[in-house]
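Hi everyone, thanks for making time for this.

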Amino acid sequence: MSAGVIKVGLLGLGTVGGGVIKTIRSQQEKLAQRLGKRIEIVKALVRDSEKERAVQVDPALLTTDFEDVLKSDVDIVVEVMGGVEPTYDYVRALIEKGCHVVTANKELLAKRGPELVDLANQHQVHLAYEASVAGGIPILSVLRQFLRTNDIQGVRGILNGTTNFILTKMEAEQLSYQEVLKQAQELGYAEADPRSDVEGFDAMYKLYILAQLVYGESLPLADVVRKGIADLSAGHIRIASELGYRIKLIAQAQKAEQGIRLSVQPTVLPIAHPLAQIQDAFNAVQLSGNIVGDLLFTGRGAGELPTASAVVEDLAYLLTQPFTPHPVWTEKNAAAQLEQGQDERVLCYLEGSCIAATPDRVLHFLREAGVNVTKLKVQFDLGGVLRAGLIVTGIREEHEQVLKSDFGLSVRCFPLIESA
Ligand SMILES: NC(=O)C1=CN([C@@H]2O[C@H](COP(=O)(O)OP(=O)(O)OC[C@H]3O[C@@H](n4cnc5c(N)ncnc54)[C@H](OP(=O)(O)O)[C@@H]3O)[C@@H](O)[C@H]2O)C=CC1
Ligand SMILES: N[C@@H](CC=O)C(=O)O
């Protein structure tokens, strides 16, 4: 490291990269006091060096050739370009050269994390990734430093800002899914390919990383239960609300003797539940330690400055720490996965023509099939469409099939979380 200056390279100068530059500039004096050196950005890799950017930079810093970053005398690289290819190759080459790496890239970590952790240990460089989970909430540092003695049974949370923003606006402002997704993209919350957000991949990557820290292992991504919000309609949201619930995209990690279970799926919660109260692009992580009891962390989960906060805090922290090997990341095979209980309560949403499916006939069928209905809300519209929300236990795949085939209904069941 050169005397008086820490040379930083950026891979990517989009929403987060721009926020990192703004934060380093606005907090430069504070950072210099803490580190005893000034931070200087010496290179920034982009795809298009002519593009107009939200942050002004010396054009001489920009390059479209990764070799320029690799050959430069950077001490640390901040990877905020996203994706796995070519990012993995770039990060690998930098670690092999002895550069510390700070990344916000959860997809890269969930897909290639075990190799990168090994490589960083081998080359004795820091690999820091606080910004990869829950944006500005410093949850990974808390888990790594202050929750290592507690036994943590389960973790659940809202880990994707874009989908929480979409669900909030769809409910509060009756906006269409497409309109709200566009707003989330304009605000810099969404991934470059927003299917990652709305189909639950982004939250799944973050859950994978959380499990590595909480349990010292994770599941192969193919074994994580994953459902997104792309097919949620205003009808689902309205009926849940009339029954006293709210739908959230909940990521959940549970541990039992057989192993761990990871899931990301739209889930209904009573409106008073702390996770139901998390609105807009905020995230939350809820966990319980055997010594500390219940904890809830909440804050902005996406966007330029909250994410840059996590990146720059990571960067400054690692510069004050000697290298210590990172705990290895392992994946347990799929056989260890636990099944969701069959007798848990779910909200079952039914929609179809009220000629074939009268509420009485549907309820009679469910009762005869041994499905227990504890709450019911029925709506009819002028076009003769029935929409019903039922809180039930004991509903199985075969019952859903009959509701579809014999009653002509579309059926969507959501897991339900009862208490905080
Ligand atoms: N946005 C957010 O709220 C958060 C994002 N993250 C993560 O941070 C990372 C960056 O996200 P974000 O800033 O939103 O993304 P953007 O799409 O806004 O920015 C990506 C940047 O990387 C550059 N880039 C992309 N691919 C290449 C390539 N192959 N070669 C050279 N440059 C490339 C782009 O160049 P150019 O500008 O020329 O197109 C752009 O500057 C992602 O991993 C994301 O998951 C994490 C937490 C929150
Ligand atoms: N697209 C992500 C950005 C932060 O990780 C999200 O919406 O949460």
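Let's start at ligand 2, where one of the oxygen atoms sits 2.7 Å from a polar backbone atom of glycine 161. That's a polar contact, meaning a pair of N or O atoms within 3.5 Å; within protein, one must be able to donate a hydrogen and the other to accept it, and residues adjacent in sequence count only if both atoms are side-chain atoms. On the nitrogen side of ligand 2, a backbone N or O atom of tyrosine 189 is 2.7 Å from a nitrogen atom. Then there's lysine 206, with a side-chain N or O atom 2.8 Å from an oxygen atom of the ligand. By itself ligand 2 would expose 250 Å², and the protein buries 93% of that. Those areas come from the Shrake-Rupley method with a 1.4 Å probe, and for residues only the protein chains shown count as cover.

Before I go further, a word on what you're looking at. This is a predicted model, where local features need pLDDT of at least 70 and side-chain atom pairs count only at pLDDT 80 or more, while totals for chains, interfaces and linings use all residues; side-chain values use heavy atoms, with hydrogens and water left out. Residues are numbered from 1 along each chain as its sequence is written, and chains are lettered from A and ligands numbered from 1 in the order in which they are written.

Back to ligand 2. Which residues surround it? Among them are Lys106, Asn160, Thr162, Glu191, Asp202 and Gly301. Being near here means that one of a residue's heavy atoms lies within 4 Å of the molecule. By class, this shell has three nonpolar, four polar and five charged residues. For the classes, Ala, Val, Leu, Ile, Met, Phe, Trp, Tyr, Cys and Pro count as nonpolar, Asp, Glu, Lys and Arg as charged, and the others, Gly among them, as polar. Helices α7 and α10 each supply at least two residues of that shell. Helices (H or I, at least four residues) and strands (E, at least two) are DSSP runs, numbered from the N terminus.

Now look at the charged residues: Lys106, Glu191, Asp202 and Lys206 are linked in a network of salt bridges. A salt bridge is a side-chain nitrogen of Lys or Arg within 4 Å of a carboxyl oxygen of Asp or Glu.

A polar side-chain atom of glutamate 191 is 2.6 Å from an oxygen atom of ligand 1. Glycine 14 uses a polar backbone atom, 3.1 Å from an oxygen of this ligand, and glycine 188 has a backbone N or O atom 3.0 Å from a ligand nitrogen. Ligand 1 taken alone exposes 900 Å², of which the protein buries 88%.

Lysine 169 and glutamate 173 meet at 3.1 Å, N to O, and both lie in helix α7 (residues 161-173), four residues apart, about one turn of the helix. Is lysine 169 buried or exposed? It counts as buried, because its relative accessibility is 15%, and buried means under 20%, exposed over 50%, partly exposed in between (1.4 Å probe, protein chains only). Glutamate 173, at 41%, counts as partly exposed.

The second pair is lysine 332 and glutamate 217, with their closest N and O atoms 3.0 Å apart. This one links distant parts of the chain, 115 residues apart. Lysine 332 is partly exposed at 41%, while glutamate 217 is buried at 10%.

Third, glutamate 418 and arginine 345 have their closest N and O atoms 2.7 Å apart. Glutamate 418 is in the segment after β16 (410-415) and arginine 345 in the loop between α12 and β13, so this pair ties together parts 73 residues apart in sequence.

Last stop, the record. UniProt, in an unreviewed entry, places "domain: Homoserine dehydrogenase catalytic" at residues 138-315. UniProt positions are in the numbering used here, feature names are shortened, and annotations may be inferred rather than shown by experiment. In the model, that span is 40% helix and 28% strand, and its end C-alpha atoms lie 13 Å apart.
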